[in-house]
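Subject: The model you asked to see

Hello,

Here is the structure to look through when you have a moment. My notes on it follow below.

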Number of protein chains: 2
Amino acid sequence: MLTLKGRRGDVEFRVVDITRPRPDWLLQKTRGTTALPILETADGHILKESLVILQYLEDVFPERPVAQRDPYRRAVENMLTWLEREFCTQGYIWVMNQDLAGRDALRVGMLKQYARLNELLLEHASSGPFLFEQFGWAEAVFTPFFMRFWFLDYYEDFELPNEEKYARVRQWVDACVTHPAAQQVTKEEVVKLYYDYAKGAGNGALLPGRRQSSFTFEPDWRARPWPPKDKYGHSATDEELGL
Amino acid sequence: MLTLKGRRGDVEFRVVDITRPRPDWLLQKTRGTTALPILETADGHILKESLVILQYLEDVFPERPVAQRDPYRRAVENMLTWLEREFCTQGYIWVMNQDLAGRDALRVGMLKQYARLNELLLEHASSGPFLFEQFGWAEAVFTPFFMRFWFLDYYEDFELPNEEKYARVRQWVDACVTHPAAQQVTKEEVVKLYYDYAKGAGNGALLPGRRQSSFTFEPDWRARPWPPKDKYGHSATDEELGL
């Protein structure tokens, strides 16, 4: 969102190590909650929830609008955005699943989510690649998950089937993840950091027998080997993960 | 929303009997989906999802703003609105529960939802009764559920405990449901129509041994007796329900 607006430098980023207890300065700002991201405004107010923060940035930096301004177009955008929560939940439930027998049903559930996106895109933007002329609000909302869900490609061998009912959403995903404003994260980083999610441990929690979370800052993910792809049959040690 | 804007007459309402298959004219408009409400715009576009429709009405009738216009105030409103989906889901899961043993956990879950609202209201609007000066966007989003959840009062003996941690949200709920713009629905109507939800049948589905759904238009709910409160121990017949 900030890159699209040419405002990346107007917000100071602090990356938080989620494998450690939240520092006091952060807990004071959040009044005790641990969910991230949060945004501190210039006058010291704290905002929570990614979509709330996105809307705030859209409102305080209105010069290059990312969201639609026409009421009907905005409603179309909002109908697509509405699907983000279930889409996101489904992907996280799947990557964290540890029961091999449940895998097929989770794949089917994930495909259903993509099919819903496909339908809505076909109905409102059949030619594509984006919902409207440019990478906009809906793309800003979904792209982080399209990139995050590289963990499904890697740990669950998930790929969108080469079928007509996913053709339009495939075009959208490809256009989103290759857009110049969306190059902050790589598949390698996602796959290495999210190994512990693939083994069922979220939010920097520590798995049995391990001393380090895959989310740790040290050693840096670039210095580690790619984790084993087999999440159901094998539990990697710290050493195997280069931790 | 329309009443707040003095625009109730600008939208034609058609109430749909959800106990029957959706009529063809409706399915043509929705392209086959059955979820309601939908809104047809003046130029024939179809919008789905309540919050999308609310935002569209806010945008096309901007003269009496209901949502906040200042970016920070709007973000506060959006943080509260963000809680609506889980709040709503929790209430529906509880009313549809048929397992007496699960009831206490569901009550605890519902109370947690109210406690979250209480915290956010205390943080941003400690004096009340509304989030800002007047009944606004957050109130328009939550009030229908505060009224709908009268089914929990009736079928689950739910009431907010008289404790400090619910005091602010109780004040909010009271101010919302007694507001002049929120008088389209009564507790009696909610309780009578939602009897079948309380017995586990949603969306106008028919329960075993019954010929009529409690959502039917005929006989009118006003002509029926109040349903039995005991949802776990007894299944009322059509006759008992005045159907």
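To get your bearings, in which segment of chain B is I18(B) found? I18(B) lies in the segment before α1 (24-30) of chain B; helices here are DSSP runs of H or I with at least four residues, strands are runs of E with at least two, and both are numbered from the N terminus. The neighbours of I18(B), leaving aside residues up to four places away in sequence, are L36(B), N203(B), G204(B) and F215(B), where touching means heavy atoms within 4.5 Å. A175(B), by contrast, is 157 residues from I18(B) in sequence and 31 Å from it in space, C-alpha to C-alpha.

Before the rest, a word on conventions. This is a predicted model, in which local features need pLDDT of at least 70 and side-chain atom pairs count only at pLDDT 80 or more, while totals for chains, interfaces and linings use all residues. Residues are numbered from 1 along each chain as its sequence is written, chains are lettered from A and ligands numbered from 1 in the order in which they are written, and side-chain values use heavy atoms, with hydrogens and water left out.

The interface between the chains

The size of an interface is often given as the accessible area lost when the parts come together. Chain B and chain A bury about 2,600 Å² between them, with 63% of it on carbon and sulfur atoms; buried area is the accessible area (1.4 Å probe) that two parts lose on being put together, summed over both. On the chain B side, Y72(B), W82(B) and R85(B) lose the most area to chain A, and together they make up 29% of what that side buries. The contact draws 23 residues from chain B and 23 residues from chain A.

There are four salt bridges between chain B and chain A (a side-chain nitrogen of Lys or Arg within 4 Å of a carboxyl oxygen of Asp or Glu). E123(B) and R31(A) meet through their side chains in a salt bridge, at 3.5 Å from N to O. Eight residue pairs are in polar contact between chain B and chain A, both residues being at pLDDT 80 or more. A polar contact is a pair of N or O atoms within 3.5 Å; within protein, one must be able to donate a hydrogen and the other to accept it, and residues adjacent in sequence count only if both atoms are side-chain atoms.

Which elements of chain B each supply at least two residues of the side that touches chain A? They are β2 (46-48), α2 (50-60), α3 (71-82) and α4. The largest share, seven residues, comes from α3(B). By class, the side of chain B that touches chain A has eleven nonpolar, three polar and nine charged residues. Here Ala, Val, Leu, Ile, Met, Phe, Trp, Tyr, Cys and Pro count as nonpolar, Asp, Glu, Lys and Arg as charged, and the others, Gly among them, as polar.

Helix packing

In chain B, the axes of α4 (residues 84-96) and α6 (residues 137-148) come within 11 Å and cross at roughly 10°. α4(B) is therefore roughly parallel to α6(B). Axes are lines fitted to C-alpha atoms, for helices over the stretch in contact, and angles run from 0 to 180 degrees between N-to-C directions; under 35 degrees counts as roughly parallel, over 145 as roughly antiparallel, 65 to 115 as roughly perpendicular and the rest as oblique. E84(B), F87(B), C88(B) and Y92(B) of α4(B) make the contact with V141(B), F142(B), F145(B), F146(B) and R148(B) of α6(B). That contact has seven nonpolar, no polar and two charged residues.

Also in chain B, α5 (residues 103-124) and α8 (residues 167-177) have axes that come within 7 Å and cross at roughly 90°, which means that α5(B) is roughly perpendicular to α8(B). Y114(B), L117(B), N118(B), L121(B) and L122(B) of α5(B) meet A167(B), R168(B), V169(B), W172(B) and V173(B) of α8(B).

Backbone points

The peptide bond from L36(A) to P37(A) is cis, with omega near 0°, and P37(A) sits in the loop between α1 (24-30) and β1 (38-40) of chain A. D157(A), which is not a glycine, has a positive phi near 50°.

Best wishes
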